Structure formats: structure tokens, C-alpha cells
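Biologist: I have a model open and want to learn how to read it. Please take me through it step by step.

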Amino acid sequence: MKDVLGLCISKTLFIDVYYLSSSRQLIHQNTSTHRGTEWNIVHQSSPVMNNLDPEWDEENIDLSILCRGELEEVLRFSVMDYESSGDHVLMGQVEMSVNDFINAFKEDKPFDLEKKGKDTSRGTIVVGLAAIE
């Protein structure tokens, strides 16, 4: 049986967002290619439609795919405003490891989403579950 991360983002509070949003969470892994280093999507949730305070379903994510089994590998967690046209808009992101997710859950500690070029938090994420199963 493969190790998986049971993950549930239980609360999201977006700052300065005043329209009904449909959001999706993405997790990116940093990989080296012949073009250099780039972030590639290794997981994406189903979108939560028309909700400014989305709560995503619990998901089990294969650790060998998510972080190559390296629990300290830095991942990029992004929340996107989901558009059916495919032109999704970044609402905020944070870089953290699987262990950071687990510790945030154990300590009931939210983390801030940031957006490049912005000085302030774009929102807060609460990890409702993060455990290796």
C-alpha cells in the first residue's frame, strides 16, 4: 500500500474579494528540466462553485507523486478563481512542505495566502486535516 496524504482545507477567507468566486486548489512541485527550474501541477481539486468561503472535500494524495516521498520538499499551494473558459485567476499562494501542512493541522494554525507583487495577505487557509495514512 502506498503512503498518501489525507488533506482537507476546511476554511478559506479571502481578503478584498467581493464577488461570488468558484475556486480550485492546486499543488505544484518544483522540478528541473532542460529549460531550467519550473513549477508543475501535481494535484488539483475539483472546483468549489460560487462560494467566497470554500471548503474542499477531503482528498487522499499519493506522496510519491506529490513530493516524491520527501516530506520536507517545498511545494507551492495555490488557490485559483476557477473560470469555465480555462482562464483561471490566481487568488493567492504559499510555499510549504507536507510536514508544514501536518504541523498546521496539529497546531490549528492557519497560514496566509500571498500574491506576487502584493505586500499583504490575500487570504487565510485553515487545514482541517493533514495526516499520512
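Biologist: Leaving aside neighbours within four places in sequence, which residues is V42 in contact with?

Modeller: Contact means heavy atoms within 4.5 Å. By that rule V42 touches I27, H28, Q29, I65 and L66. This is a predicted model, where local features need pLDDT of at least 70 and side-chain atom pairs count only at pLDDT 80 or more, while totals for chains, interfaces and linings use all residues. Residues are numbered from 1 along each chain as its sequence is written, and side-chain values use heavy atoms, with hydrogens and water left out.

Biologist: Where is the place of V42?

Modeller: V42 lies in strand 3. Strands are DSSP runs of E with at least two residues, numbered from the N terminus. The C-alpha atoms of V42 and C67 are separated by 8.6 Å, and the two residues are 25 residues apart along the chain.

Biologist: In what order do the four strands form the open sheet?

Modeller: Two strands pair if DSSP finds at least two bridges between them. Here the order is 3-2-5-6, and the pairing is antiparallel. Strand 3 (36–44) and strand 6 (89–96) stand at the edges. Each has a single partner strand, so one side of each is left without a neighbour in the sheet. Neighbouring strands of this sheet are turned by 30° against each other on average, direction ignored. For such angles, axes are lines fitted to C-alpha atoms.

Biologist: How many bridges pair strand 2 with strand 5?

Modeller: Seven bridges, in the antiparallel sense, between strand 2 (residues 23–33) and strand 5 (residues 75–81). Q25 has V79 as its bridge partner in strand 5. L26 stands opposite S78. On to the next pair: seven bridges also join strand 5 to strand 6, again antiparallel.

Biologist: Is strand 5 mostly covered or mostly open?

Modeller: In a regular strand the side chains alternate between the two faces of the sheet. Now look at strand 5: seven of its seven residues are buried. L75, F77, V79 and D81 are buried on one side. R76, S78 and M80 are buried on the other.

Biologist: R76 carries a charge pairing, I think. Which residue does the side chain of R76 meet in a salt bridge?

Modeller: Side chains of opposite charge can pair when their charged atoms come close. A salt bridge needs a side-chain nitrogen of Lys or Arg within 4 Å of a carboxyl oxygen of Asp or Glu. R76 meets E95 at 3.0 Å, N to O. The pair links distant parts of the chain: R76 is in strand 5 and E95 in strand 6, 19 residues apart. R76 also stands opposite E95 in the strand pairing. R76 is buried at 19%, while E95 is partly exposed at 44%.

Biologist: How many salt bridges does the structure hold?

Modeller: Three. Another joins E73 to R68 at 2.6 Å, N to O. E73 is buried at 14%, and R68 is partly exposed at 44%. E38 also pairs with R35, with the closest N and O atoms 3.1 Å apart. E38 is partly exposed at 22%, whereas R35 is exposed at 60%.

Key:
Axes fitted to C-alpha atoms, helices over the stretch in contact; angles between N-to-C directions. Buried < 20%, exposed > 50% of the residue type's maximum accessible area, 1.4 Å probe, protein only.
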